[in-house]
Amino acid sequence: MLAVATKVEASRLKEALKRLTPPRYGPDYVSFDGARVWSTGPGGVEVEARVGEGSFPPVALPRRPLLGLLEEVEGEVEVALLEGRLLVRGGPLRAELHTAPPFSLAVLEEEGEEIFRAGEDFLKALRSALALGRRLTSHQAKVLVEVEEPRVRVAATDGYRLHLYTVRAEVFREGAYPLPAQAEEALQGLEGEVSFRLAWDGRALVAVARDGRAGLPLADGGFPPYRGVLPQVPPVGRIGAKNLLEALKRALVVAEPKNHPVRLQAGGGEVRVQALDEAWAPVSEEVLPGEGDGEVTVNGRFLKEALEEVEGAEADLALYPGPRAPLVEVRDGRFYALIAGLLPPQDGGQG
């Protein structure tokens, strides 16, 4: 007997299927009930996307074959269940897929207390932080979400640099929540205002947006104590220059490709930007009008990525004493970066 059929937009269903994080092991199946699709990815991360209004009893389907069918269709498709098969009809397409029992949800099963509510700017900051944290290979959490009225701060590190993003939010409960790097893929596709809630068991965060949800298990191992590395003394030098970002991009074309060393020298109303080779010999030099007094060699790619986060064309860098090499600080109202300077290769420079 034919179950209740429903219609969904093919493009909306395709985008949702692409968002879902495939499992690390086992078959790449997703659950579908006509209104929602959902899956569980690596690390127990859960993703649910809303794709329609009508619904039928949930089933599991192979994701890639379903995506392949939808690539041939535009507009609406009709989907219906019949004796363990999903019938898909739209335009010239007439196809069916065998189904399996649906996957149960652990994190998204029951939403708990709301912690905070924020806009698209927070999602952007969190995605950037998770992309950085993914490069850290230790057992510790990749990103820390700190909720303190009236803002939320996101901290991320890869061991060589620290990024902090601060976003205003509507806060209901303060706390600190470490997240794994797998959360990055789960957040793709969420748009607009998002509400973050504590899962029913207190061991995960649930992000709730207009068109979907993401369940983010909290990371084990804690987050590195980043406040201990924040400078507590006055800077030993400053470097200010316009168009430094563009000069860095040009220097990176010729700098040694492993650590991307770029030397900055400020003094006499100018800033010299030198790309270095593997022996730390200059292979290019550009002189910019600037101010300050100081010198530092830094991973140019790290500095470029930090400057891309700040607003305006003028860079203002503060230099602080570090354990072995100066620390470079970049900041504006919502973003802060602290980058470890490089040492010459013979002194044990970054590898």
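In helix H5 (residues 244-254), the buried residues are Leu 244, Ala 247, Leu 248, Ala 251 and Leu 252. Here, buried means under 20% relative accessible area, exposed means over 50%, and partly exposed lies in between (1.4 Å probe, protein chains only). Viewed down the axis of H5, these buried residues fall within an arc of 140 degrees, so they line one face of the helix; the arc is that of the directions from the helix axis to the C-beta atoms. An α-helix has 3.6 residues a turn, so residues three or four places apart point the same way. The cover over the buried residues of H5 includes strand S18 (237-242), S19, strand S20 (270-276), strand S21 (282-299), helix H6 (300-307) and strand S22 (314-320).

This is a predicted model, in which local features need pLDDT of at least 70 and side-chain atom pairs count only at pLDDT 80 or more, whereas totals for chains, interfaces and linings use all residues. Residues are numbered from 1 along each chain as its sequence is written, and side-chain values use heavy atoms, with hydrogens and water left out.

The protein chain as a whole has six helices and 24 strands. Helices (H or I, at least four residues) and strands (E, at least two) are DSSP runs, numbered from the N terminus. Of the 351 residues of the chain, 51% count as buried. Along its principal axes, the C-alpha trace spans about 85 × 45 × 35 Å. A contact means heavy atoms within 4.5 Å; among contacts between residues at least 6 apart in sequence, 65% join residues at least 24 apart.

Leu 126 touches Val 143, Val 145, Val 154, Leu 179, Leu 187 and Phe 196, residues up to four places away in sequence not being counted.

Rings of Phe, Tyr and Trp (its six-membered ring) pair if their centres lie within 6.5 Å; planes under 30 degrees apart count as stacked, over 60 as edge-to-face and the rest as tilted. Phe 116 and Phe 122 form an edge-to-face pair, 5.2 Å centre to centre with 80 degrees between the planes. Phe 116 is buried because its relative accessible area is 0%, and Phe 122 is likewise buried at 0%. Together with Phe 196, these two residues form one aromatic cluster.

Two further residues complete the tour. Arg 263 lies in strand S19 (residues 261-267) and counts as buried because its relative accessibility is 14%. Its contacts include Arg 272, Trp 280 and Glu 295. Arg 263 and Gly 341 are 78 residues apart along the chain, and their C-alpha atoms are separated by 9.8 Å. Tyr 29, in strand S2 (residues 29-32), is partly exposed because its relative accessible area is 26%. Among the residues that Tyr 29 touches are Ser 39, Pro 62 and Phe 103. Tyr 29 and Arg 151 are 122 residues apart in sequence and 38 Å apart in space, C-alpha to C-alpha.
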